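Subject: Structure handover

Hello,

Here is the structure I said I would pass on. My notes on its side chains follow below.

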Amino acid sequence: MYFEEMETLTHGQVLARFGHALSDSMRSRLLLALREGPAYPADLAELLGTSRQNLSNHLACLRGCGLVVAVPEGRRTRYELADARIGHALGDLLGLVLLVDPQACPDSETEGCC
């Protein structure tokens, strides 16, 4: 992708993309795995217990959100977080303690606000 095609996002747009990425448990797990360091798709698929095709779809989403970059290495491609600050942000989020109101936010990915 050429630099001219890159888009600069507002703070709200950045947070919306980050939220979209984290809204899927596989993408969240993938970001946490990449927080530990760069990795290859085959290794990530094995670590996360998913198919290479499924992983590829999630990596494409994360690349599109600007959170992950693909680094060509000969015939292979290594994936890593686009910016070290993403790893720090994930660490900060993991340190939060949330008091959840089960009445207002049911414990289900398909119901309510959460």
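T50 counts as buried, because its relative accessibility is 18% and the cut-off for buried is under 20%. Please keep in mind that this comes from a predicted model. T50 belongs to the loop that runs between helix 3 (41–48) and helix 4 (52–64). Its side chain makes a polar contact, at 2.6 Å, with the side chain of N54. Once neighbours within four places in sequence are set aside, the residues in contact with T50 are M26, A45 and L55.

Next, the charged side chains. Side chains of opposite charge can pair when their charged atoms come close. In this model there are three salt bridges.

Two of the entries involve R78. One is with E73, where the closest N and O atoms are 2.2 Å apart. The other is with E80, at 2.8 Å from N to O.

E73, with a relative accessible area of 30%, is partly exposed. E80 is also in the partly exposed class, with 23%.

The remaining bridge to report is between D83 and R85, whose closest N and O atoms are 2.7 Å apart. D83 is partly exposed, at 27% relative accessibility. R85 counts as exposed because its relative accessibility is 60% and the exposed class begins over 50%.

Last, the aromatic rings. How many aromatic pairs does the structure hold? The count is zero. For Y40, however, there is a charge to report: the charged end of R76 sits over the Y40 ring, 3.6 Å from the ring centre.

- R78 with E73: 2.2 Å between the closest N and O atoms
- E80 with R78: 2.8 Å, N to O
- D83 with R85: 2.7 Å between the closest N and O atoms

Regards

Notes. Residues numbered from 1 in each chain as written. Predicted model: local features only at pLDDT ≥ 70, side-chain atom pairs only at ≥ 80, totals over all residues. Heavy atoms only, no water. Salt bridge = Lys/Arg side-chain N within 4 Å of Asp/Glu carboxyl O. Buried < 20%, exposed > 50% of the residue type's maximum accessible area, 1.4 Å probe, protein only. Helix = DSSP H or I, 4+ residues; strand = E, 2+ residues; numbered from the N terminus. Polar contact = N/O pair within 3.5 Å; in protein donor to acceptor, adjacent residues only side chain to side chain. Contact = heavy atoms within 4.5 Å. Phe/Tyr/Trp six-rings, centres within 6.5 Å; stacked < 30°, edge-to-face > 60°. Lys NZ or Arg CZ within 6 Å of the ring centre and 35° of its normal.
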